[in-house]
Amino acid sequence: MPAMPASAAATFTTAAPCVRESDTVLRGAGPSAIVRLAQAALTVLLALAAARLLGAAEYGRFALAATLSTLLAVPVGLGLPTLAVREVAGRAHGDPGRLRALARTGPWLIIGAGAALTATTALALAVAPAGLPAPRDAPLLLGAVALAGPWALLRWAGGWLQGLGRAVWAQAGDGLLRPLLALAGLGLCAGAGLDGPAAFAVLAGAVLGALGIVARQVHRAGRLWPSDAPARPDTVGWLGVGLPLMAAGTLSMLQLTADVAMLGALADSSAAGVYHVASRLAQLAALLLVAANVVVAPRAAQLHRAGDRAGLQRLLTHSARLTTVAALVVLAATLPGGAALLDLFGPGFAAGAPALTVCALAQLANVACGSVAVVLAMTGRQRALLLGVTLGAGVNLVLNALLIPACGMLGAALATLASTAVWNGVLAWQVRRSLGVDPTVLGRVPEAPR
């Protein structure tokens, strides 16, 4: 094979660990945080526009379909978006052929999984007893399942770009372009008498549009390695790593979305719609953690591969402290006026204020424990990650089933708080046990070598 060009060879060389990990987090998380802040603003505007246009009941139908599609995109992705971050961050261990094979094979695996799930759902709906599900919701259900494939591809593209260190583009597809296009679509259809399914169709168009734009960026990134490098597929190995990551991601998303889904099933769609808005507003407290994770993930993979445990400790501690301070600032600014903020979404939404407070406390616990899930995924501890997330999801489902009938939205919020504390605590213990570092806000920063 011809010699690799110098520029390409540099691409496949893992950078030496940097002792100023606080600078790494701050420099990388700054642009990422701006993107996340814009995403949060667009998400709130999208929810506000949809709630105003649809009303609580129809917004509940829309929110349930969107939640289902978001949840299903994780198993359809087969864990490959997270695997892409790890493989690309390490430039596939210096093997450009392996990376080329992953770029070619990954999307087809996701497309196949999405098509299989959609076909299975269509068959199940065709043979389902009359009235199960309600005839008016069957097309919406099928549409939510069908959208999971494109949504998973959008995340795959983001994972690829994240591994390359392109933090802004990694988040732009699902974080900026999708809500922006959906907001524009709702604006264009504002006078058309939208209902829940029509609003979901607008969302589907936004996902497809964002996917087309971000896929172009991934295609351009393919020029970073030699085009004549022979592809070296390892589908079995990739799935062996990806499937535990998929299971952990599915259970994590289940924990994030089960409260909305179970409120819709055990209460009504209006309660689900109100709670959906309140819980999403509470997630603003974790905005900087999510932004920092975009930087922490590939950097943690590099530091672990280099055996730099002190550097990994510095990275995680600085990130946890920075994001916890930001979370406290956000909570102090939003919680006192929670009811007034929710009232902006329309009549009845202010009833979610108590749930907003409890969900915000859950997010604070999440942030204080640090980037626990990310560091386990990036260091090959996917089975330890799966254990912690399984425990958290189990607690979440049981408590939702017990508390929602008695307490409604507040019960769902309390279930979220308890399960968040459980799974973050277990994952933090797993990180300390397996890697010898403390990922929480209480971690001690080792002195940097001179």
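Mentor: Let us begin with a definition: buried means under 20% relative accessible area, exposed over 50%, and partly exposed in between, with a 1.4 Å probe and protein chains only. This is a predicted model, in which local features need pLDDT of at least 70 and side-chain atom pairs count only at pLDDT 80 or more, while totals for chains, interfaces and linings use all residues. Residues are numbered from 1 along each chain as its sequence is written, and side-chain values use heavy atoms, with hydrogens and water left out.

Trainee: Is threonine 379 buried or exposed, and what is its relative accessibility?

Mentor: Threonine 379 is found in the loop between helix H15 (372–378) and H16, where helices (H or I, at least four residues) and strands (E, at least two) are DSSP runs numbered from the N terminus. Its side chain reaches the backbone oxygen of valine 375 at 2.7 Å; a polar contact is a pair of N or O atoms within 3.5 Å, and within protein one must be able to donate a hydrogen and the other to accept it, while residues adjacent in sequence count only if both atoms are side-chain atoms. Leaving aside neighbours within four places in sequence, threonine 379 is in contact (heavy atoms within 4.5 Å) with His304 and Leu435. Threonine 379 therefore counts as buried, at a relative accessibility of 6%.

Trainee: How many helices and how many strands does the protein chain have?

Mentor: Of the 450 residues of the protein chain, 51% count as buried. Among contacts between residues at least 6 apart in sequence, 85% join residues at least 24 apart. As for the elements themselves, the protein chain has 17 helices and 0 strands.

Trainee: Why does the distance between the ends of helix H16 agree with its number of residues?

Mentor: The expected span of a helix is 1.5 Å times one less than its number of residues. Helix H16 has 26 residues, 382–407, and should therefore span 38 Å, which agrees with the distance between its end C-alpha atoms, 35 Å.

Trainee: At which residue does H16 bend?

Mentor: The bend at a residue is the angle between axes fitted to the seven residues ending there and the seven starting there. The buried residues of H16 include Gly392, Ala393, Asn396, Asn400 and Ile404, and H16 is followed by glycine 408, whose phi is positive, near 65 degrees. The bend is about 30 degrees, and its place in H16 is asparagine 400.

Trainee: Over the face of which residue does arginine 433 lie?

Mentor: A charge sits over a ring if NZ of Lys or CZ of Arg is within 6 Å of the ring centre and within 35 degrees of the ring normal. Arginine 433 lies at 5.4 Å from the ring centre, over the face of tryptophan 429.

Trainee: How are the rings of tryptophan 156 and tryptophan 160 arranged?

Mentor: Rings of Phe, Tyr and Trp (its six-membered ring) pair if their centres lie within 6.5 Å, and planes under 30 degrees apart count as stacked, over 60 as edge-to-face and the rest as tilted. A search of the whole structure finds 1 aromatic pair. The centres of the tryptophan 156 and tryptophan 160 rings are 5.6 Å apart and their planes lie at 45 degrees, so the pair is tilted.

Trainee: In which helix do tryptophan 156 and tryptophan 160 both lie?

Mentor: Tryptophan 156 is buried, and so is tryptophan 160. The two are 4 residues apart, about one turn of the helix, and both lie in H6.

Trainee: What is the relative accessible area of leucine 80?

Mentor: Leucine 80 is placed in helix H3, which is largely enclosed by the rest of the structure because 9 of its 10 residues are buried. Leaving aside neighbours within four places in sequence, leucine 80 is in contact with Gly106, Leu109, Ile110 and Trp156. Leucine 80 is itself buried, with a relative accessible area of 1%.
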